[in-house]
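I opened this model to take notes on its fold, its side-chain pairs and its surface. My entries follow in the order I looked things up.

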Amino acid sequence: MFQEQEQVRRYNSRKEEELLKQQAAERRQLPKRIKAEMKTRELMFKESLRISAHTLPPSTDTERDRFKKFQEAEKKRYKAEQQRQELKHKRQMEEFKAFAESTLKELEQLQNEKRKSLMEHETLKLKQLEEERATQLRLWKESLKPRKQYETPTEANST
């Protein structure tokens, strides 16, 4: 029974390590992915500024301000994405630990029920065996021939 618990613990430990490795890989990939997205969005924004410059007279100060605001918004979006990922990883780990704990408790409960059932079965079997032994002993005693309680001294010498 304890082997099963240890096996479940080892399994949960391996799964936790896998989850941690996956999260670490996601953490490493996030900055690269976001920077690539930021570059793409920045190019798109610059292109939209260039297109709008054809319809409106160009003003470098307003374009510069708009571009700075855009970059600040991108930095905020980047930080929000990092926080979202951290929260997601934290929630995943909490859910996994809760699942692992509930699995272990369920196994322990199952084992306790089996142990109790086994004890009840053994107790019942012992009672049955004791009753059989008592019955056999009673039958044996009944089958014995009655003996003489006292022998006379002459009878004792002749034997």
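**Entry 1: burial.** I count a residue as buried when its relative accessible area is under 20%. On that cut-off, 14% of the 159 residues in the protein chain are buried. I also looked up the surface. The protein chain exposes about 14,100 Å². Carbon and sulfur atoms supply 55% of that area.

**Entry 2: confidence.** I note that this is a predicted model. The mean pLDDT of the protein chain is 88. I find that 88% of its residues reach 70 or more. Where is confidence lowest, and where is it highest? It is lowest in H3, with a mean of 58, and highest in H2, at 93. Where pLDDT is low, the predicted coordinates should not be read in detail.

**Entry 3: fold.** I listed the secondary structure next. The protein chain has three helices and zero strands. Its pattern along the sequence is α-α-α. H1 covers residues 2-55, H2 covers residues 60-143, and H3 covers 153-158. I then took the contacts between residues at least 6 apart in sequence. Of these, 86% join residues at least 24 apart.

**Entry 4: Gln5.** I went to helix H1, where Gln5 is placed. Is Gln5 buried or exposed? Gln5 has a relative accessible area of 8% and is therefore buried. I left aside the neighbours within four places in sequence. The contacts of Gln5 are then Leu104, Leu107, Glu108 and Gln111.

**Entry 5: aromatic rings.** I searched for ring pairs and found two aromatic pairs in the structure. One of them is Phe45 with Phe70: the ring centres are 4.3 Å apart and the planes stand at 5 degrees, so I log the pair as stacked. Phe45 is in helix H1 and Phe70 in helix H2, so the pair ties together parts 25 residues apart in sequence. I checked burial for both. Phe45 has a relative accessible area of 15% and is buried. Phe70 is buried too, at 13%.

Which residues form the aromatic cluster? I get Phe45, Phe67 and Phe70 in one cluster. Phe67 lies in helix H2. Its relative accessibility is 18%, so Phe67 counts as buried. I again skipped neighbours within four places in sequence. Phe67 is then in contact with Glu42, Phe45 and Lys46. I took one C-alpha to C-alpha distance here. Phe67 and Lys46 are 7.9 Å apart in space and 21 residues apart in sequence.

**Entry 6: salt bridges.** How many salt bridges does the structure hold? I get 16. I looked up some of them one by one.

Glu16 pairs with Lys97, and their closest N and O atoms are 3.9 Å apart. This pair links distant parts of the chain, with Glu16 in helix H1 and Lys97 in helix H2, 81 residues apart. Glu16 has 25% relative accessibility and counts as partly exposed. Lys97 is partly exposed as well, at 46%.

Arg77 and Glu37 meet in a salt bridge at 3.5 Å, N to O. This pair also links distant parts of the chain: Arg77 is in helix H2, Glu37 is in helix H1, and they are 40 residues apart. I read 24% relative accessibility for Arg77, so it counts as partly exposed. Glu37 is partly exposed at 28%.

Arg133 and Glu130 form a salt bridge at 2.9 Å, N to O. Both are in helix H2, three residues apart, so about one helical turn separates them. Arg133 is partly exposed at 44% relative accessibility. Glu130 is partly exposed at 42%.

I then followed shared partners. Salt bridges join Arg33, Glu37, Arg41, Glu74, Arg77, Glu81 and Arg84 into one network.

**Entry 7: nonpolar patch.** Which residues make the nonpolar surface patch of about 300 Å²? I find Leu137, Trp140 and Leu144. Leu144 sits in the loop between H2 and helix H3. Its relative accessible area is 45%, so I log Leu144 as partly exposed.

How values were computed
Residues numbered from 1 in each chain as written. Predicted model: local features only at pLDDT ≥ 70, side-chain atom pairs only at ≥ 80, totals over all residues. Heavy atoms only, no water. Helix = DSSP H or I, 4+ residues; strand = E, 2+ residues; numbered from the N terminus. Buried < 20%, exposed > 50% of the residue type's maximum accessible area, 1.4 Å probe, protein only. Contact = heavy atoms within 4.5 Å. Areas by Shrake-Rupley, 256 points an atom, 1.4 Å probe, with all protein chains shown as cover. Patch = residues over 30% accessible without salt bridge, like charges linked within 9 Å, V, L, I, M, F, W, Y side chains within 5 Å. Salt bridge = Lys/Arg side-chain N within 4 Å of Asp/Glu carboxyl O. Phe/Tyr/Trp six-rings, centres within 6.5 Å; stacked < 30°, edge-to-face > 60°. pLDDT = per-residue confidence, 0-100.
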